[in-house]
Amino acid sequence: MNDLEYLNSISPTSAQKKPALPFFDKKMKIVLFSLLGAVIVAVATAVLVPMLTPEPANPSADLSLVYARASSLETVVSTYNSKISSPSLRAAGTTLDTILTDLSSRTSSTLAETYKIKKPTISANETSAFQKATEKLESARLNGLLERAYASEIAYQISRLSLAEEAALESVSDSPTRDYLSSSYTSLAQLYETFSSYSE
């Protein structure tokens, strides 16, 4: 061994690699990312499962909503229909009033007999919606614009009632109830066309 080789053998070699901190070694990184992935999956599951799970059918609640909207709309129609000057619009309002009276009565009977709900309650949201409708129609009447406002508002309220009937038809199973709901739904669809297409 010559001098150069000897010196090289006893001199410190290039900087020795420092051992990686245990927190950042390969195994620890795998464990951390696995835990992070598990937490993300758990949170996503906890949030998405309730959102994607359909609510159970509640026929009494659906029928109560039909009753609330039908009886409230009946009140609005009976209040303002006589103040309408258009014969065709007044005739449509009279037909609608008859359908709503029948629908309210039958729905109330079904709730009492089948679901033991003697007096269906009308939610604050529904009460507020019809109160706004009444205020809008009263304002239109005072300003001499009742015809168009009446046609527009009644068409909108018919569409809301039809949505409630659709939900009830999906949740109710007994044939007599389904029959009168279907009949009413069909009649309301025709009246919706009449009111929504009205022009002075």
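Modeller: A word to begin with: contact means heavy atoms within 4.5 Å. This is a predicted model, where local features need pLDDT of at least 70, side-chain atom pairs count only at pLDDT 80 or more, and totals for chains, interfaces and linings use all residues. Residues are numbered from 1 along each chain as its sequence is written, and side-chain values use heavy atoms, leaving out hydrogens and water.

Colleague: Which residues does leucine 96 touch, not counting those up to four places away in sequence?

Modeller: Leucine 96 is among the residues with the most contacts inside the largest nonpolar core, which has 37 residues. Such a core is a set of buried (under 20% relative accessible area, 1.4 Å probe, protein chains only) Ala, Val, Leu, Ile, Met, Phe, Trp, Tyr and Cys residues joined through side-chain atoms within 4.5 Å. Its partners are Val77, Ile154, Ile158, Leu188, Leu191 and Phe195.

Colleague: Which element gives the most to the largest nonpolar core?

Modeller: Helices here are DSSP runs (H or I, at least four residues), numbered from the N terminus. The core with Leu96, Tyr150, Ile154 and Phe195 as its most connected residues takes two or more residues from each of α3 (59-80), α4, α5, α6 (146-171) and α7 (175-196). With 11 residues, the top contributor is α6.

Colleague: Is lysine 116 buried or exposed?

Modeller: Lysine 116 sits in the loop between α4 (87-115) and α5 (124-142). Its phi is positive, about 60 degrees, although it is not a glycine. Exposed means over 50% relative accessible area, so at 62% lysine 116 counts as exposed.
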